[in-house]
Amino acid sequence: MRISINPADARPIYVQIMDEVRRALVVGALRPEDPLPSVRQLASDLRLNPNTVAQAYRELEREGVVYVRRGQGTFVGERGAAGAERQRLARAVAERALLDAHRHGLSAEDLVEAVRTLAAGQAQPSTADA
Amino acid sequence: MSRPRPTPLVAVLSEQVRAVGLSLRPGAALLAAVLALVTGVGASTALGAGQPLDFPDEARLLIGALGFLLPFAVWRGEKLFAGAWLWTLPVERRTHVLAKVAAGWVWLMLAVGLVVAWLAGLALGTGGELVATATGTIADAHGRITAVRWTEPAWGLAAPFTIATIGYLVVSALVVGLKRPLWWIAGGFLAACVLIEVLDADLPPARVLLAPFGFVLPNLAWWAAATAAWTSLGLLAVWLAASRHREG
Amino acid sequence: MLPTSLGEGPFAVATQGLTKRYAREPALNGVDLQIPEGAVYVLAGPNGAGKSTLIRSLLGLARPDAGRATVLGLDPRTSGPEVRARTGYVPEGAGGAYGWMRVGRLLQHHAAYYATWDRDYAGRLSRALDVRPERRVGALSKGQVRRLQLVLALAHRPSLLLLDEPTDGLDPAARDEALGLLSEHLADTGGSVLISTHLPHEVDGLADHLGVLRGGRLVAQAPRERLERMLRVYRAEGPDGWVGPEDLSGVIDRRAGVGRELRWTVWGEEGEVVARIAASGGAVRDVARLPFEDSVLALLRAKEAS
């Protein structure tokens, strides 16, 4: 699992970690019963405050995405299955896009229509996601 | 599991002795070179003339000079008035200064001991005299000056150690307690020269001034008293100088 | 207007009215610093704001003229040695160490002074930061001295780190490595850290508290989440000649955007601010959280305004 954090992102860092874990679940990089890196490991890798990582894990645990096995670490739960997280992630992406649309003075309809047109033009929208 | 606490004094002293020892290595090499040179010159002149090598009286003053120079080497690189490295360590500052002065003194005694042993060894090895005959002036209670001549007793061999100690303490106090010790020493020396020049007519020779509290005296009791007085003064000066840095 | 109190604690470091003058020029002016236990507190401010003086007075290295400090429950004026035994300190600048000593010997020197020195850990830190024991301290570059100072500060596993511009002079790779080691230190000890810096973005990922020092005064201090919730940029557009609400409180910065757009930086509850702007006839187009570094800039400007 490769997690990347962008300090310039509008989302707080712990939310970015949560979203990255979800992304890993949806793309299949993480599956139920897979271990997450330890708080120490992830904090050190990303040069983050361990409390921030712990907060992200706590939130994920509260949502039922992950669970803690005493003395062994944090693992992906059954609820963390790709299907369940897929919707949640889609909502998060849509929310960001909607906010951005509003900032640019566009309505939700404008956005949806643009997305439809784009999707129709590209059978496999894999490269133009920026 | 050890708990964080200020460094115990024994640990401070032993580490300071080791660290100061390291910092004195270049100075020690210089001293050894000077000693070799003196030995070489002395040996070639004295032995060439077929004479033994006496323990030179002047050696004592030269050894005393060691005490004057050492504090500068000990406190090299330690900016006591501008965030010294020493201050960041977990030791009360005055205690720390005193420990470092003590560490330097340990090495001073070792150096003096080696030099004395070397010169004494040379003297004995070539059949010379260990104790010298000296002439000095002395002022009595009425201020009269008399010339005295004496053969130094065996306890005179302790003099290099005490002279070096006193010099070391006084100069350490200056180096530790003053922001610009060299300026003060140079200034003090100049002032003394001017004073002596101005008051020349009224003053007896400098040696006489020193005599009642001198370093080399013909009488054990006098010498012991003078040494004790000067040493106490030196210790007091070091204490006062170190107190400029005290904490709490 | 700006928050300067963090409440009740417990605090690893707390000062009250700390004041220090140099030749009558105040270097610190009534500073009430509060570092909660376990916090990574970033003390930001321009050069000469008094950051180093503040840190030095926490260690008993500078004697304040007024006010008091409590560090790990101790008064640094009377218990300086105890405070320093529990604290890792990276001093300002690269000088001070014994130039004639070899790096390995300086590590040994410190080991002799700290009961809690961890020799293996010191070795690991040295390797990670490429601190080479055979080098002479005096021959090190500024960045190499900084790395050595970080090893010295961390290797006795102190419960408080006081780091005065720790990334100053470090190249990006060394800085990255140092930040990773700090993360590990935090995970291992749960200790508290004060990082002073004039480049806050460098320690963005670690910071959970921010204090802004300017001209010897602590202009603001707040937990990161409060900062992110309260300090926001609002962009709104309104009809011709619209100037926005007259009585908007907590405004740090107000400037004209493109065309009829206005842009405020405000300390306040988002809902209230948006309502105020809307009530004055504007349409709020965008509300954005400030990046960490921009928050610092905004708080520094707030002081200028008041």
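Helices (H or I, at least four residues) and strands (E, at least two) are DSSP runs, numbered from the N terminus. This is a predicted model, where local features need pLDDT of at least 70 and side-chain atom pairs count only at pLDDT 80 or more, while totals for chains, interfaces and linings use all residues. Residues are numbered from 1 along each chain as its sequence is written, chains are lettered from A and ligands numbered from 1 in the order in which they are written, and side-chain values use heavy atoms, with hydrogens and water left out.

**Exercise 1. Find the largest cavity and say what lines it.**

Step 1: set the rule. On a 1 Å grid over the protein atoms alone, a cavity is a set of points where a 1.4 Å probe fits but cannot get out, and lining residues have an atom within 4 Å of a point. Points are joined across faces, edges and corners, and a volume is the space filled by probe spheres set on them.

Step 2: count. The rule gives five cavities of 30 Å³ or more, and the largest has a volume of about 140 Å³.

Step 3: list the lining. There are 15 residues around the largest cavity, and those nearest its centre are Thr88(B), Tyr89(C), His110(C), Tyr114(C) and Leu152(C). Strand S6 (87-90) and helix H5 (142-154) of chain C are the elements that give two or more residues to this lining. S6(C) gives the most, with four residues.

Step 4: sort by class. Ala, Val, Leu, Ile, Met, Phe, Trp, Tyr, Cys and Pro count as nonpolar, Asp, Glu, Lys and Arg as charged, and the others, Gly among them, as polar. The lining of the largest cavity then splits into eight nonpolar, six polar and one charged.

**Exercise 2. Describe how chain B meets chain C.**

Step 1: take contacts (heavy atoms within 4.5 Å). You get 32 residues of chain B against 31 residues of chain C.

Step 2: work out buried area, the accessible area (1.4 Å probe) that two parts lose on being put together, summed over both. Chains B and C bury about 2,700 Å² between them, with 58% of it on carbon and sulfur atoms. Pro4(B), Glu15(B) and Trp85(B) supply 26% of what chain B buries here, more than any other three residues.

Step 3: look for salt bridges (a side-chain nitrogen of Lys or Arg within 4 Å of a carboxyl oxygen of Asp or Glu). Two turn up across this interface. In a salt bridge, Glu15(B) pairs with Arg105(C) at 3.1 Å, N to O.

Step 4: place the elements. Helix H1 (9-23) and helix H4 (93-125) of chain B are those giving two or more residues to the side that touches chain C. H1(B) gives the most, with eight residues.

**Exercise 3. Which three residues of chain A supply 40% of the area that it buries against chain C?**

Step 1: get the contacts. 17 residues of chain A touch 22 residues of chain C.

Step 2: get the area. Chains A and C bury about 1,600 Å² between them, 44% of it on carbon and sulfur atoms. The three are Arg40(A), Arg47(A) and Arg103(A).

Step 3: check the charges. Four salt bridges are counted between chain A and chain C. Arg40(A) makes a salt bridge with Glu184(C) at 3.7 Å, N to O.

How values were computed
On a 1 Å grid over the protein atoms alone, a cavity is a set of points where a 1.4 Å probe fits but cannot get out, and a pocket is an open set with protein on both sides within 12 Å along at least five of seven lines; lining residues have an atom within 4 Å of a point.
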